[in-house]
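Hi,

Here is the structure I promised to pass on.

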Amino acid sequence: MIEETDSPHTWRPRRFMVIVGHPDDADFGPAGTASAWIDAGSEGWLVCCTSGDAGGEDPEANPLELARAREEEQRRAARIVGYQGVTFLHQPDGNLVNDLSLREMLVREIRTFRPDAVLAGDPEVVINRGGGINHTDHRAAAMAAVDSVYPAARNPMAFPWLQRQGFPAHRVRRLYLMWSNQPDVWIDVSATADRKIEALRAHESQLHDPEAVFARVRARMVEQGAAIGVAAAESYRLVVFEADPTEPEPAAERPQAG
Ligand SMILES: [Zn+2]
């Protein structure tokens with residue numbers, strides 16, 4: 001049980017990008033936040049580094065067919081959340097590596113959509129709190145996302161051909177790291193918790209006991225909500241690179257009373 005520690009985090013980006021390893025990560029991850037932000041007027045874009053071509057139990061299955069099915073599932077889920085679009089980088093599932101080529105692809109995505117905030121995994125998590133290994137692709141995607149946001153996307157001399165090709169440097173203001181073992185902000189998703197479950201429902205190939213999964217995801221949101229005294233929340237470890245000229249900084253968001 002989490003003690004109530006903070007008020008809901010209310011800063012909202014105009015544009016945000018979610019960067020994850022697999023189709024379904026974004027829906028197990030920040031779908032409640034993404035839906036809430038989109039409902040409030042933000043524009044979101046989803047980047048999946050792999051298409052989940054190893055996400056099954058049958059060694060005889062055709063990985064390309066699985067990838068195609070999972071991309072379709074993710075596109076359906078993305079429409080439910082309300083993203084403007086999804087990019088699949090088609091890297092190999094289970095073999096994702098934070099290398100220069102992955103970072104160049106991510107920098108190109110960031111410089112194309114030009115988000116104020118990027119949401120990704122916390123690259124420092126190898127063992128999840130409470131046990132369990134953070135999947136190697138989750139770790140690679142998280143580290144690549146962080147490295148692409150800072151410094152590569154903002155440095156005109158990183159991948160200089162991108163600038164020449166019409167992708168000028170872009171400064172992301174904030175990183176929201178999901179699935180962190182050291183969260184420091186909680187976002188109220190009481191109004192969009194159901195939408196997160198609906199988005200998860202789209203990932204049919206991954207759900208063997210859907211209701212059990214949904215119950216677990218709901219319980220997690222309720223537990224996070226307790227931290228800020230709301231029905232449901234998602235938590236993040238927040239990294240602020242730049243003060244937003246028109247929005248209060250986190251320090252100014254602390255509750256005035258109570
Ligand atoms: Zn995953």
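The axes are lines fitted to C-alpha atoms, for helices over the stretch in contact, and angles run from 0 to 180 degrees between N-to-C directions. Helices (H or I, at least four residues) and strands (E, at least two) are DSSP runs, numbered from the N terminus.

Some housekeeping: this is a predicted model, where local features need pLDDT of at least 70, side-chain atom pairs count only at pLDDT 80 or more, and totals for chains, interfaces and linings use all residues. Residues are numbered from 1 along each chain as its sequence is written.

On confidence, pLDDT (the predictor's confidence in each residue, from 0 to 100) averages 93 for the protein chain, and 92% of the residues score at least 70. Over residues 251-258, though, the pLDDT is below 50. Where pLDDT is low, the predicted coordinates should not be read in detail.

Now the helix pairs. Helix 4 (residues 100-113) packs against helix 5 (residues 136-149) at about 55°, with the axes 9 Å apart, so the two are oblique to each other. In contact terms (C-beta atoms, placed from the backbone, within 7 Å), Leu102, Arg103, Leu106, Val107 and Ile110 of helix 4 meet Ala144, Ala145, Asp147, Ser148 and Val149 of helix 5.

For helix 3 (residues 63-81) and helix 7 (residues 193-201), the axes come within 8 Å and cross at roughly 165°, which makes helix 3 roughly antiparallel to helix 7. Ala77, Ile80 and Val81 of helix 3 make this contact with Arg195, Glu198 and Ala199 of helix 7.

A few backbone details to check as well. The peptide bond from Tyr150 to Pro151 is cis, with omega near 5°, and Pro151 sits in the loop between helix 5 and helix 6 (160-164).

Which residues have a positive phi although they are not glycines? One is His90, at about 60°, in strand 3 (residues 85-91). Another is Trp179, at about 50°, in the loop between strand 5 (174-178) and strand 6 (185-188).

As for burial (buried means 20 or more other C-beta atoms within 10 Å of a residue's own, exposed 12 or fewer, partly exposed in between, with C-beta atoms placed from the backbone), His90 is partly exposed, with 14, while Trp179 is buried, with 22.

Cheers

Note on methods: Parallel < 35°, antiparallel > 145°, perpendicular 65-115°, else oblique. Contact = placed C-beta atoms within 7 Å.
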